Each structure stands twice: as structure tokens, then as C-alpha cells.
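Have the viewer open as you read.

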Amino acid sequence: MEREKLVEEINRLKEERNAIIMAHNYQLPEVQDIADFLGDSLELARKAVNVDADVIVFAGVDFMAETAKILNPEKTVLLPAKGATCAMANMLKPEHIIEAKEKYPTAPVVLYVNSTAECKALADVTVTSANAAEIVGKLDSDVVIFGPDKNLAHYVAKQTGKKVIPVPEYGHCYVHKKFTVEDVERAKRLYPNAKLMVHPECEPEVQERADIIVSTGGMIRHAPEWSEWVVFTEREMVYRLSRLYPNIKFHAAREDAACIGMKAITLEDVYRSLRDMKYTIEVPEETAEKAKRAIERMLEMS
């Protein structure tokens, strides 16, 4: 089916199903273009609290769709492609958290929303890259257990001065791990007038050379402050920024900075998801209730 017809069918099915399409900033341009709401993890979590629809089609990765389901247990939440998963979220297992709690029994468990519902159920509070430092700073403890991204843990420790215990020790995003000091040097050479916006999932040595370290939502807020940027995050963020600010120049730091999980969803998948009502996200009630407390605490604290 050609693109125009696909979009037409998606819009028809949305109306028929009373559905809304939520999409992350890293989605393919064709998917971003048909979304009712686009955002980073925090923005999407906020939006998911009071969605006026019977069906949420979540164009993102599985942990995001799970979060939407946890916040909307009575609604149908669909993930358009089974392969839309997050490698980093899958690195963290419940046993990592339990072991850390045995070593640091008084330390609160702070989990990046890039984690499974099963792990979120063991958290005191969840965070996103946009609010992690703010929330950890507000906690009444000088030591926190933090998972699964060690680079975000490093950033939070630097911002708050607290002892941040990463779980697991090796947790990372393979896309952000690609960025190197050489990429920074090349960017400065190719775009001498540009500033560097860097995601806190990047390695510490890349963060140190940034003009700003921000979440994707932060990139959107800060972009108007300068006329040209090199963007150190998933490459599709450049598309989102360029659409929002056509008079500002944006360059991807690496063209191969692509998340396989995010790219698993196509326009065709969104259409089939609405047509066949698949793939339905379910979270066991007890897990959902515990995870919801941690997510709601994040929304209250940020």
C-alpha cells in the first residue's frame, strides 16, 4: 500500500477505534509524521496519564508501552512490532536490584524508565534522563542504587555529589556508546560554528566535551539558543529538531547512531497494529501496582 493510502487508512482506523498514536523522538520520520503526540520518555509518561482514547498505539520500545499500560490499566495499549525492544532495559534483571539492596539496605532504588515493569516494581522511584539529577538530588539519602545506565548514573553522581551505585555495572545503550572523543573532534572540525548537544547516556569523556548535556526533550528546549548544533544521540532526533526549527542547522554526530528497537516500527506496522489490534501489552496486576507507585512518584517529584 502506498504511503498516502496508508496514512488515510491509519486515520480512518484511529477514528473507528478511538485511538491515539504516541511516538518517541527516535522513531522513523514516517512514523513521527502520523503521531498525535511526540516526545521523550518523560513527556510520553506524562501524556499517558490522562489519554482521552480507548486505544493507545505506542510507537516506541516495549518498556514505554508497558509504562503507558501501567498508567492506563483500563485502556488497550498496542506495540506495533514485536521486535521493538530496548537492549539496555533488558540488561537489568530483578536479581541485580535485590543483590544491591542486600549490600546497601538503606539506599533508595532509582530506576531509569528504560527498564522492565518487573524491575520497576522493585523501585522506590523511576526517572528519565530529563529529571534523573533533579529527583536524586531531592531524595533524603547520600547513596542511591541506580539502574540500568551507568553513564546516566555517572552524570547524576556528578550533578548531585551523591554516591550512585550502578546496577548492573555494565548497563549501557549501545547507540550512545558508539560516540567517541574522535566524533567530538570531527564534529568541531566539520562544523566550527556549531555547539554540541550530548545525551547523558553518552560516555563520560564525550559528556565532558559537550556544550550542553540534555535529554531529547532538553534538546528541543535548548535548540533556539544557538544557530547550529551537532546532535549526539539517536540520528532521528535530527529530523524532529529540523522540523521544529527549520531555520536552525542540525547535524547528526554519527549517521550510524540508529536504535534497532526503535527502527523496528514502520508506517505499515502502525496500520496493521490498528487494523488487527496487535500486539497487546499486558502487565500482571501486582507488578503493575508496584511499578505504578514508582512512576507516579517520579511524576509528582519532577
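Ser 41 is buried, at 16% relative accessible area; buried means under 20% relative accessible area, exposed over 50% and partly exposed in between, using a 1.4 Å probe and protein chains only. Please keep in mind that this is a predicted model, where local features need pLDDT of at least 70, side-chain atom pairs count only at pLDDT 80 or more, and totals for chains, interfaces and linings use all residues. Numbering runs from 1 along each chain as its sequence is written, and side-chain values use heavy atoms, with hydrogens and water left out.

**Ser 41 and its surroundings**
- Ser 41 sits in helix H3, residues 41-49; helices (H or I, at least four residues) and strands (E, at least two) are DSSP runs numbered from the N terminus.
- Beyond residues up to four places away in sequence, Ser 41 touches His 24, Phe 63, Met 64, Val 113, Asn 114 and Thr 128, where contact means heavy atoms within 4.5 Å.
- Ser 215 is 174 residues from Ser 41 in sequence, yet their C-alpha atoms are 9.2 Å apart in space.

**The buried side of H3**
- Along H3, the buried residues are Ser 41, Leu 42, Leu 44, Ala 45 and Ala 48.
- Those residues lie on the same side of H3 because they span an arc of only 165° around the axis, taken from the directions from the helix axis to the C-beta atoms.
- Their cover includes strands E1 (19-24), E2 (37-39) and E3 (55-59), along with helices H4 (62-71) and H17 (285-301).

**Lys 14**
- Lys 14 belongs to helix H1, residues 3-17, and is buried at 13% relative accessibility.
- Apart from neighbours within four places in sequence, Lys 14 contacts Ala 19, Ile 21, Ile 34, Asp 36 and Leu 274.
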